[in-house]
Amino acid sequence: MTSISTGSAALAERKRLEAILTGPAARGRTTFAHYLAFQTNLEAGEALALLAVTPKEAAAPASRSRSNAAVGQMSQSERAKQLEAAVEDCNRRWNPASGRFN
């Protein structure tokens, strides 16, 4: 691979990441958007379509003090479980014959 094609590939990947992470469908679904952007090879359009049919994340309650900052935040294992559930839901709803979600 030449430096020109490497540069083009890097630029394409940056554009893919930007599209997934900043698309309107990513709002309220940041955890899943980051997963799709960094842990999959989905095209941006595919990732955005998946995000669009995924339920938004529950908002964490605002804390009133620094000592309460961790209250209401999900643990990493809770986030992983939520993400797994969202992926399983999307897999159940995907119709490969039509190329669309049911």
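This is a predicted model: local features need pLDDT of at least 70, side-chain atom pairs count only at pLDDT 80 or more; totals for chains, interfaces and linings use all residues.
Reader: How many salt bridges does the structure hold, and which residues form a salt bridge?

Author: Side chains of opposite charge can pair when their charged atoms come close. The structure holds 1 salt bridge, and it is formed by glutamate 13 and arginine 16, whose closest N and O atoms are 2.9 Å apart. The two residues lie 3 residues apart in helix α1, so about one helical turn separates them. Glutamate 13 is partly exposed, with a relative accessible area of 36%, whereas arginine 16 is buried, at 11%.

Reader: Where is arginine 29 placed, and how far away is the nearest side chain of opposite charge?

Author: Arginine 29 sits in the loop between α1 (3–22) and α2 (30–39). Although buried, arginine 29 has no salt bridge, since a salt bridge needs nitrogen and oxygen within 4 Å, and the nearest side chain of opposite charge, that of glutamate 57, is 8.1 Å away. Setting aside residues up to four places away in sequence, arginine 29 touches Leu51, Ala52, Thr54, Pro55, Lys56 and Glu57.

Reader: Which residues touch the most other members of the largest nonpolar core?

Author: That core has 14 residues, of which Ile20, Phe32, Leu36, Leu50 and Leu51 touch the most other members. Helices α1, α2, α3 (44–52) and α4 (76–93) each supply at least two residues of this core. Leucine 51, when its neighbours within four places in sequence are left aside, is in contact with Ile20, Ala25, Ala26, Arg29, Phe32, Ala33 and Leu36, a list that brings us back to the buried arginine 29.

Key: Residues are numbered from 1 along each chain as its sequence is written. Side-chain values use heavy atoms; hydrogens and water are left out. Helices (H or I, at least four residues) and strands (E, at least two) are DSSP runs, numbered from the N terminus. Buried means under 20% relative accessible area, exposed over 50%, partly exposed in between (1.4 Å probe, protein chains only). Lys and Arg count as positive and Asp and Glu as negative; His and the chain ends are not counted. Contact means heavy atoms within 4.5 Å. A nonpolar core is a set of buried Ala, Val, Leu, Ile, Met, Phe, Trp, Tyr and Cys residues joined through side-chain atoms within 4.5 Å.
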